[in-house]
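Welcome, and thanks for opening the viewer. Please load the model below, and we will walk through it one selection at a time.

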Amino acid sequence: MTLNVSLCVPDGIVIASDSLATLSEPITKKVNVDSKCPKCNESIQLKDVEIPPFSVPSSSFPYAQKLFSVKNKLGLACYGTAYLNARSMYSHITDLCAKLPETSEKGEYIDTVKDAVIGYFDKQIALECKKTGFNLVLQPDDWFPFGFQLAGFTKDVNGEPEAKIFWIRMGKK
């Protein structure tokens, strides 16, 4: 379990994160299910019904980087799944940050980065599902295997700095 903390104080935003990462493996299973025939009400057994996959912890390590600087303007902390598409979150986030613009052409920079994070990782989830045959439809509506805290400053209506923190949950939409 990851602990990310974002705190707005008079001098800025404090962001902290732990560094323990746990890797999980999906378990799939086929079971036999006792049922009744809808036409004749006779007891039947459905064989080899595949249940939705569930994750089981497989290993852990104490040195994961979960806290990132985005263009020296924003802080991004991640939690949840340590690997996606056989790459670490560190690898994904450093690649994404390298592709981000230095400024925003429309609106606030933090909003541009939030949209980029969501777009990038939505695509990564879709690729992982396609590659592994993982069916998002079988997951509960509150299935969010990873996410982010994005923190930075915007300007209020008077042009004064105003802290803004987003909680971005990635998974089933």
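Start by selecting Met89, His92, Ile93 and Leu96 in α1, which meet Ala116, Val117, Tyr120, Phe121 and Gln124 in α2; contact means heavy atoms within 4.5 Å. Helices (H or I, at least four residues) and strands (E, at least two) are DSSP runs, numbered from the N terminus. By class, this contact has 7 nonpolar, 2 polar and no charged residues.

A word on the model: it is predicted, so local features need pLDDT of at least 70 and side-chain atom pairs count only at pLDDT 80 or more, while totals for chains, interfaces and linings use all residues. Residues are numbered from 1 along each chain as its sequence is written, and side-chain values use heavy atoms, leaving out hydrogens and water.

Now pick valine 113. Leaving aside residues up to four places away in sequence, valine 113 touches Val70, Leu74, Leu100 and Leu150.

Finally, go to the loop between β7 (83-84) and β8 (87-88), where you will find asparagine 85. Asparagine 85 has a positive phi of about 55° although it is not a glycine. Is asparagine 85 buried or exposed? Asparagine 85 is buried, at a relative accessible area of 16%; buried means under 20%, exposed over 50% and partly exposed in between (1.4 Å probe, protein chains only). Alanine 86, in that loop too, is exposed at 72%.

Methods:
Ala, Val, Leu, Ile, Met, Phe, Trp, Tyr, Cys and Pro count as nonpolar, Asp, Glu, Lys and Arg as charged, and the others, Gly among them, as polar.
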